[in-house]
Amino acid sequence: MQNNHKEYDVVVVGGGISGLAVAYGLCKNNEKLRLAIIDSPTELNKASRTNVGLLWCQSKFLDVPDFARWGFLSCKHFPELLQELKEISKIEIPVNFTGGLIPTLGEAEFTQRGDYIQKLKTALGAYPGSMISRSELESKLPKIKFGEEVTGAAWCEEDGVVEPLLLFRAYRSALKKMGATILEDSMVYDVQAKDNNAYKVMTSRGEITCERLVLAAGLANRRFASFAFNDSDNATNLDMPHNLHDNLYDVSYNHGGLPIFADKGQVLLTERLPFVMPIPLLGCTQTFGGTVIIGFKHETRGHDATVVPEAVSQEGAWALRVWPELAQKRIIRSWPGLRVMPNDKVAIYSHLPNHPHVTVINTHSAVTLAAVHSRYLPEYIMGGDLHECAENMTLKRFGFAC
Ligand SMILES: Cc1cc2nc3c(=O)[nH]c(=O)nc-3n(C[C@H](O)[C@H](O)[C@H](O)COP(=O)(O)OP(=O)(O)OC[C@H]3O[C@@H](n4cnc5c(N)ncnc54)[C@H](O)[C@@H]3O)c2cc1C
């Protein structure tokens with residue numbers, strides 16, 4: 001390094017699953033890299049600590065086949081990632097690479113989902129999944145007595161489920177062993193460009209400088225990236241996305257900055273059951289500890305991160321139609337989480353306008369995508385190219401020059 005005055009070569013703002021995944025890849029590629037991750041849990045940015053851990057590629061992204069391929073690629077690399085993390089961290093991460101199931105209620109839903117999968121098969125050329133009948137579903141999960149309305153399921157052999165908090169912990173442990181600095185409980189207040197090749201990060205522990213910056217702070221990215229959006233020439237096409245026209249109360253949307261919004265999820269957790277779900281079921285997934293997490297909805301409620309009983313009760317009612325036995329089980333917890341959602345629902349991996357040394361990462365499904373984040377994003381962060389599946393996922397698609 002020529003610029004010895006900088007404290008770090010790379011600073012990652014945000015130690016959620018996205019920040020940890022890219023930090024791990026960066027350290028793996030260059031053991032001499034001076035890298036710091038700065039993280040402080042905040043009320044709004046808890047998705048990495050509140051998710052289900054599904055590795056889920058199926059039935060998604062018909063309009064963006066490359067994004068679907070990106071997810072499948074991540075699932076393919078997951079076994080190798082977990083093996084590496086285990087070797088370095090000594091943490092065994094429970095995982096099932098058994099495929100995944102989406103139950104359908106009624107014939108219309110079965111047909112509708114089947115049509116979607118057929119279109120995906122055409123769009124992708126190959127698709128490792130299909131619809132299965134109720135009896136096939138029963139033979140895959142023989143210990144579950146399904147509700148009468150269940151007609152079958154969408155099945156994908158590449159899906160699975162990982163214990164998300166242990167994945168999180170293994171990344172952190174591995175990073176420390178690899179020499180990365182994790183500044184925990186360090187609140188980032190602001191980031192500023194010193195010039196186009198050096199950045200200042202203002203934190204509760206004082207000022208930190210670096211040559212390259214990764215913004216992986218979830219919804220807080222919008223605030224931290226704002227220094228690069230002040231020049232209105234950078235934004236040429238920031239139309240309101242269609243799906244938000246009815247959601248103008250969404251205070252998280254803004255016209256001039258990073259095009260992301262808060263996509264709320266809220267879940268219910270049942271008491272422990274004997275383990276009956278070797279293959280994960282979307283919407284009521286049994287955890288490795290035996291509890292069942294119920295819920296998969298997406299809501300646009302701005303930054304409201306409270307549990308709304310009316311909303312979670314709908315999730316519960318749906319789950320009982322799928323798996324009536326759950327009615328006998330106690331609900332022991334409920335929690336909300338705000339997913340970070342790019343306005344067009346496709347991941348954003350991008351340098352900021354006029355700042356090639358700053359990379360912003362914002363996506364939903366960041367657990368599923370952790371393996372490709374670790375493997376392919378570091379090269380881009382350090383000045384190389386994005387993987388071909390992700391090359392159109394920069395901010396250029398929103399009209400920014402970057
Ligand atoms: C209910 C629910 C279920 C989900 N289930 C799945 C699933 O099954 N599979 C899947 O792939 N995805 C799932 N997701 C989505 C997944 O959790 C997110 O995509 C992922 O957590 C995003 O990770 P992130 O690191 O980008 O952002 P975040 O999780 O938001 O992490 C951002 C990090 O930045 C830190 N930070 C923010 N501001 C500051 C600041 N000022 N100073 C310091 N640190 C800061 C935060 O503390 C946090 O650690 C689910 C999400 C929810 C809400």
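# Close-up views of a predicted model

Arg339 is partly exposed, at a relative accessible area of 23%. Here buried means under 20% relative accessible area, exposed means over 50%, and partly exposed lies in between (1.4 Å probe, protein chains only). The model is predicted: local features need pLDDT of at least 70, side-chain atom pairs count only at pLDDT 80 or more, and totals for chains, interfaces and linings use all residues. Residues are numbered from 1 along each chain as its sequence is written, and side-chain values use heavy atoms, with hydrogens and water left out.

**View 1. Asp263 and Arg339 form a salt bridge.** The closest N and O atoms of this pair are 3.2 Å apart. Asp263 sits in strand β13 (residues 260–270) and Arg339 in strand β16 (residues 331–342), so the bridge links distant parts of the chain, 76 residues apart. Strands are DSSP runs of E with at least two residues, helices are runs of H or I with at least four, and both are numbered from the N terminus. A salt bridge needs a side-chain nitrogen of Lys or Arg within 4 Å of a carboxyl oxygen of Asp or Glu. Asp263 is buried, with a relative accessible area of 4%. Arg339, at 23%, is partly exposed.

**View 2. Lys264 pairs with Asp304 in a salt bridge.** The closest N and O atoms are 3.3 Å apart. This pair also links distant parts of the chain: Lys264 lies in strand β13, and Asp304 in the loop between β15 (292–294) and α8 (309–322), 40 residues apart. Lys264 is buried, at 0% relative accessibility. Asp304 is partly exposed, at 27%.

**View 3. Salt bridges that share partners join Arg172, Lys176 and Glu184 into one network.** Within it, Glu184 bridges to Lys176, with the closest N and O atoms 3.2 Å apart. Glu184 is partly exposed, at 29% relative accessibility. Lys176 is partly exposed too, with a relative accessible area of 44%. Side chains of opposite charge can pair when their charged atoms come close. Over the whole structure, the search finds 16 salt bridges.

**View 4. Glu379, Asp385, Glu388 and Glu391 form a negative surface patch.** Patch members have over 30% relative accessible area and no salt bridge, and like charges are joined within 9 Å. Asp and Glu count as negative; His and the chain ends are not counted. Each charge is placed at CG of Asp or CD of Glu. Areas come from the Shrake-Rupley method with a 1.4 Å probe. Asp385 is found in the segment after α9 (370–381). Asp385 is exposed, with a relative accessible area of 58%.

**View 5. How many disulfides does the count give?** The count comes to 0. A disulfide is a pair of cysteine sulfur atoms within 2.5 Å. For Cys75, the closest cysteine sulfur is that of Cys57, 3.3 Å away, and therefore too far for a bond. Cys75 is buried, at 7% relative accessibility. Cys389 is buried as well, at 9%.

**View 6. Phe72 lies in helix α3 (residues 65–89).** Its relative accessibility is 12%, so Phe72 counts as buried. Phe72 and Trp56 are 16 residues apart in sequence. Their C-alpha atoms are 8.4 Å apart in space.

**View 7. Ala371 lies in helix α9.** Ala371 is buried, with a relative accessible area of 3%. Ala371 and Leu82 are 289 residues apart in sequence. From C-alpha to C-alpha, they are 8.8 Å apart in space.

**View 8. Phe61 has a positive phi of about 65°.** Phe61 is not a glycine. This residue is placed in the loop between β3 (54–55) and α3. At 18% relative accessibility, Phe61 is buried.

**View 9. Lys345 has a positive phi of about 70°.** Lys345 is not a glycine either. Its loop runs between β16 and β17 (348–352). Is Lys345 buried or partly exposed? At 37% relative accessibility, Lys345 is partly exposed.

Conventions. Patch = residues over 30% accessible without salt bridge, like charges linked within 9 Å, V, L, I, M, F, W, Y side chains within 5 Å.
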